[in-house]
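Good morning, and thank you for joining.

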Amino acid sequence: MATRKEIAALAGVSQATVSRVLNGDASFKIKPETRRRIMRAAAQLGFANVPMRTIAVLDVHPQVEGLEDEYFQALRQEVEQVAHEQGMTLTYFEDAAELIAGADDYDGFLAIGPGLIEREDLERLHESLPYGVFMDTNPAPAWFDSVQPDLSQCMLDALDAFIDAGRRRIGFIGGRGLIMGLHNHKEDIRSMAFVDWSERLGLDNRDLVYAHGPVTVDNGRASAERMLEEHPEGDRPDAIIVATDPMAVGVLQAFASAGVKVPDDIAVISVNNLPIAQYTAPPLSTFDIDQHELVYAALETLKDAIARNRSCRHHLLISATLVPRGSFIPAAR
């Protein structure tokens with residue numbers, strides 16, 4: 001294993017400086033670029049257990065609180081747990097400008113939450129703190145790494161599950177999101193993937209796509225009510241894919257009020273596997289996103305970027321598994 005003397009020689013600093021950095025001395029003031037040079041030299045020489053300083057967490061909350069934010073609240077708890085397991089200390093910021101102002105105190109950051117960050121702030125953040133990983137979003141793929149659930153694959157898997165169960169008139173209920181990148185195009189990746197995969201699978205269901213408004217319980221209920229009104233009995237879908245569990249709660253409420261039996265009349269599959277999915281009536285079939293794997297991959301990506309001073313960008317997709325419950329009856333085998 002490499003010695004601290006060898007690391008000091010490669011990084012162009014004193015052995016004492018290397019020792020204080022690698023010992024995680026929080027009182028030791030050093031320029032961020034010097035710290036990164038030491039960590040990069042340690043990684044290149046195979047030095048084990050290179051420490052990370054306090055990690056900044058950019059936690060951009062959505063405008064709608066409550067059940068709609070439950071997924072990201074669970075993600076925050078997972079970040080805390082994984083960071084604790086790895087002996088890391090987290091410092092939270094709810095505003096990009098605040099993090100930019102304190103960027104010199106951190107080697108990198110994790111970003112949580114669906115709130116919009118303006119392009120100018122993303123550019124300034126990249127200039128001041130280039131090592132960052134966005135979790136569940138990908139707002140600036142040219143500037144930062146990201147780790148996300150593979151929502152496009154979820155849509156394909158849900159369509160396949162319904163087709164295997166003999167259902168082909170399949171609708172979609174979702175909300176407006178932001179497509180990854182700096183364009184701020186207000187369409188969600190799930191609705192785009194649903195339309196794309198439906199066309200590839202030969203499904204005629206463009207009139208059954210309802211993807212407008214916020215991702216909330218109320219909007220899920222309103223969208224389902226509008227779908228039932230515009231498609232009376234005989235023209236209704238026999239299956240629905242819903243973008244998120246909170247919206248699916250509203251969908252199930254609308255179906256219950258209209259006397260639509262789930263899954264006999266219309267089967268339902270959703271995404272997120274939040275705790276509420278087990279307690280709806282009927283229990284909701286939903287895709288489980290492995291948040292522990294998502295957070296672990298994000299931290300490993302961040303550590304690798306800081307240690308090796310990478311300029312390339314990684315965009316990792318985490319697979320999800322369907323949890324079949326009462327709102328979906330698979331075909332008999």
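Let me begin with a term: a residue is called buried under 20% relative accessible area, exposed over 50%, and partly exposed in between, with a 1.4 Å probe and protein chains only. By that criterion, both F109 and F144 are buried. Please note that this is a predicted model, in which local features need pLDDT of at least 70, side-chain atom pairs count only at pLDDT 80 or more, and totals for chains, interfaces and linings use all residues. Residues are numbered from 1 along each chain as its sequence is written, and side-chain values use heavy atoms, with hydrogens and water left out.

First, the overall picture. The protein has 333 residues, of which 50% count as buried. It contains 11 helices and 12 strands; these are DSSP runs numbered from the N terminus, helices being H or I with at least four residues and strands being E with at least two. Among contacts (heavy atoms within 4.5 Å) with a separation of 6 or more, 73% involve residues 24 or more positions apart.

Now to the rings. How many aromatic pairs does the structure hold? There are 7 aromatic pairs. Rings of Phe, Tyr and Trp (its six-membered ring) pair if their centres lie within 6.5 Å; planes under 30 degrees apart count as stacked, over 60 as edge-to-face and the rest as tilted.

One of these pairs is F93 with Y106, edge-to-face at 5.7 Å centre to centre and 90° between the planes. The pair joins distant parts of the chain, 13 residues apart: F93 belongs to strand β2, and Y106 to the loop between α5 and β3. F93 counts as buried because its relative accessibility is 7%; Y106, at 9%, counts as buried too.

For F109 and F144, the centres are 5.2 Å apart and the planes at 75°, so this pair is edge-to-face. Here 35 residues separate F109, in strand β3, from F144, in the loop between β4 and β5. Ring pairs also bring in F134, giving a cluster of F109, F134 and F144.

Which residues does L317 contact, leaving aside its neighbours within four places in sequence? They are Q148, P149 and D150.
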